[in-house]
Amino acid sequence: MQITLKNLKRNYASLHAVDGVSLDIPSNTVYGIIGRSGAGKSTLVRLISMLEKPDQGEVYYGDKRVDNLPKDELIQERRKIGMIFQNFNLFASRNAEENIAYPMEICHMDKEHIKKRTEELLALVGLEGRGKAPVSTLSGGQKQRVAIARALAVEPQILFCDEATSALDPQTTRAILALIKEIQKKMNLTVVMITHQMEVVRDACDRVAVLDAGKIVEEGIVSDIFERPQSPVTKEFISALTTVHDSVVRWSEDGGHYTLRFRGTKTGDPIISSVTLKTGAVFNIRAAGVQEVDGTEIGVMITDIGPDKQIAAEAIKALRNEGVVVEETEEGF
Amino acid sequence: MNTMFQLVWEATQQTIVMVFLSTIFSLILGFPIGVLLHVTGSEEHGGILPHPAFYAVMSRIVNILRSFPFLILMIVLMPLSRLIIGTSIGTMATVIPLSIAAAPFVARVIESSLKEVDPGVVQAAKAMGSTNWQIIVKVLIPEALPSLVSGVTLTIINLIGYSAMAGAIGGGGLGDLAIRYGYQRFRPSYMVAAVVIIIVMVELIQFIGDRISGHLISRR
């Protein structure tokens with residue numbers, strides 16, 4: 001189901017937590033919303049998921065406006081969406097299968113159906129036979145699997161993931177993201193993924209919106225954003241990723257005034273050497289590697305360019321002519 | 001010796017009846033108030049229906065009732081006992097002031113137990129489309145159950161203490177026995193017997209309460 005946000009605003013006292021957000025979240029996609037802490041992500045997800053009413057603006061699920069529903073309708077509409085959280089938020093008083101049964105219980109579904117559906121869901125998330133397990137005996141990844149099963153119990157068309165992998169280790173994060181992607185395809189879900197981790201966006205999302213100070217500063221297809229980030233916040237997210245990601249190796253902690261990004265086949269061409277021959281520029285490479293974003297390879301190189309400013313400018317021009325994205329970093333990396 | 005045994009046994013039975021009934025009634029009175037206090041409390045503390053004015057008034061009433069010394073409350077409530085039970089003396093008549101004295105305590109204990117429930121879990125329940133009633137019955141109370149059991153244990157023990165005090169103004173039970181026989185008739189053996197039995201009762205209740213609460217936690 002498509003989600004449309006029109007000029008959403010929400011203030012807390014004098015703070016503009018969400019300040020005029022308009023977005024079209026297409027049906028049947030994994031849509032990332034990334035922002036630093038305090039950027040307004042949590043408020044935004046609460047507004048989109050009908051947990052809070054906006055001060056201004058509108059939220060549509062498909063053609064239906066949902067931000068101004070009366071209480072009873074609101075409860076009915078909430079029963080059609082699924083949501084998972086950073087801290088899993090499972091009921092400690094219930095075991096795994098009773099947790100999964102909860103959303104069906106509150107809709108007064110019959111016991112037989114609930115039992116059958118619970119089994120299906122446990123299998124879907126890879127927890128067959130663990131239904132009777134008390135929540136405290138499950139690992140973080142298993143808890144999130146139970147939470148996913150619980151969220152999908154009522155066959156929603158929309159799944160909200162609020163920092164769903166932030167409390168998990170990298171390996172478990174990848175497994176959970178893979179599961180979410182798989183389920184998204186199987187059930188034709190619209191998944192909205194709120195996160196502060198760029199690797200989540202890289203590994204799981206089709207499109208992404210970057211949120212900063214309550215406003216959307218950038219929006220688009222993930223591979224495009226990775227290749228040509230426009231806003232400082234986005235660049236920062238991507239560069240933070242570069243330094244931590246395995247395939248980008250940094251061998252010098254200082255320096256690195258320029259960040260070069262090569263897309264696709266360009267990673268196979270000897271661009272640096274040819275630019276050196278052409279302009280006489282010298283490159284002092286500080287870090288380099290290749291990242292895979294949504295099936296597209298993006299080469300990253302952090303480097304200084306010498307010997308002087310003029311030649312460096314020529315080299316940058318030559319690089320840009322070759323289709324390389326060159327960014328000047330203010331204070332190194 | 002036979003008569004002493006009989007007297008002590010009767011007094012023990014009276015105390016058990018008093019404590020049992022007043023626990024039930026104070027829970028009936030205090031539990032809903034505790035839930036109301038919690039749900040109308042501020043949102044940061046997990047209130048699902050925040051209502052500051054209602055909360056403030058309710059909270060004040062509970063505090064006033066709690067700060068009443070029990071002995072004075074009992075005297076004040078004598079006419080009420082007479083109205084309901086027909087007398088203001090004896091075991092049954094004492095149940096009324098005991099229940100009313102314990103109810104605000106119960107309310108606070110319930111409120112603080114419910115406050116311990118993870119607000120994230122309540123938010124999840126809300127996001128799934130739970131009604132407020134479903135949140136209270138299916139989430140808040142079951143999630144807080146081990147803590148609620150400890151709270152009820154505390155209430156029962158408090159009521160054992162109160163019921164002994166009630167003996168001082170003709171309430172019956174072990175407190176009454178200790179005062180009339182042990183103190184006024186200089187029979188220390190009665191005093192000792194009453195005190196020992198009260199200690200045993202308190203220990204027993206604490207033990208059972210801890211076991212139930214521990215069992216509930218171990219199943220999680």
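## A walk through chains A and B

Start by selecting chain A: among its contacts between residues at least 6 apart in sequence, 71% join residues at least 24 apart. Keep in mind as you go that this is a predicted model.

**Stop 1: chain A as a whole**

With chain A still selected, switch to a cartoon view and you can look for 11 helices and 15 strands. Turn to the C-alpha trace, which spans about 75 × 45 × 30 Å along its principal axes. Chain A has 333 residues, and 43% of them are buried.

**Stop 2**

Zoom in on strand 1 (residues 3-12) of chain A, which pairs with strand 2 of chain A in the antiparallel sense over 8 bridges. For a landmark on this pair, show Leu5(A) and, opposite it in strand 2 of chain A, Leu23(A).

**Stop 2: two loops in chain A**

Select residues 306 and 307 of chain A next. The peptide bond joining Gly306(A) and Pro307(A) is cis, with omega about 0 degrees. Where does Pro307(A) lie? Follow the chain from strand 14 (296-306) towards helix 11 (309-321) of chain A, and you will find Pro307(A) in the loop between them.

Then move to Glu155(A), in the loop that runs between helix 5 (140-152) and strand 7 (158-162) of chain A. Glu155(A) is not a glycine, yet its phi is positive, at about 50 degrees. Is Glu155(A) buried or exposed? It has 10 C-beta neighbours inside 10 Å, and the cut-off for exposed is 12 or fewer, so Glu155(A) counts as exposed.

**Stop 3: over to chain B**

The C-alpha atoms of chain B fill a box of roughly 65 × 40 × 25 Å along the principal axes. Of its 220 residues, 42% count as buried. For contacts in chain B between residues at least 6 apart in sequence, 67% join residues at least 24 apart.

Now select Phe186(B), which sits in the loop between helix 8 (173-183) and helix 9 (188-218) of chain B. Phe186(B) is another residue other than glycine with a positive phi, here near 50 degrees. Phe186(B) is exposed, with 9 other C-beta atoms within 10 Å.

**Stop 4: the largest nonpolar core**

Bring both chains back for the last stop. In soluble globular proteins, nonpolar side chains tend to be buried together. The largest nonpolar core in this model has 149 residues. To find those with the most contacts inside it, select Ala149(A), Cys161(A), Val191(A), Val192(A) and Met193(A). Which element gives the most to this core? Highlight helix 5 (residues 91-115) of chain B, which contributes 14 residues. The core also draws at least three residues from each of domain 1 (3-227) and domain 2 (245-328) of chain A.

Leaving aside residues up to four places away in sequence, Val191(A) touches Val30(A), Tyr31(A), Leu159(A), Cys161(A), Ile180(A) and Gln184(A).

Methods: Residues are numbered from 1 along each chain as its sequence is written. Chains are lettered from A and ligands numbered from 1 in the order in which they are written. This is a predicted model: local features need pLDDT of at least 70, side-chain atom pairs count only at pLDDT 80 or more; totals for chains, interfaces and linings use all residues. Helices (H or I, at least four residues) and strands (E, at least two) are DSSP runs, numbered from the N terminus. A residue is buried if 20 or more other C-beta atoms lie within 10 Å of its own, exposed if 12 or fewer, and partly exposed in between; C-beta atoms are placed from the backbone. Two residues are in contact if their C-beta atoms, placed from the backbone, lie within 7 Å. Two strands pair if DSSP finds at least two bridges between them. A nonpolar core is a set of buried Ala, Val, Leu, Ile, Met, Phe, Trp, Tyr and Cys residues joined through C-beta atoms within 7 Å. Domain bounds come from an automatic or database domain assignment.
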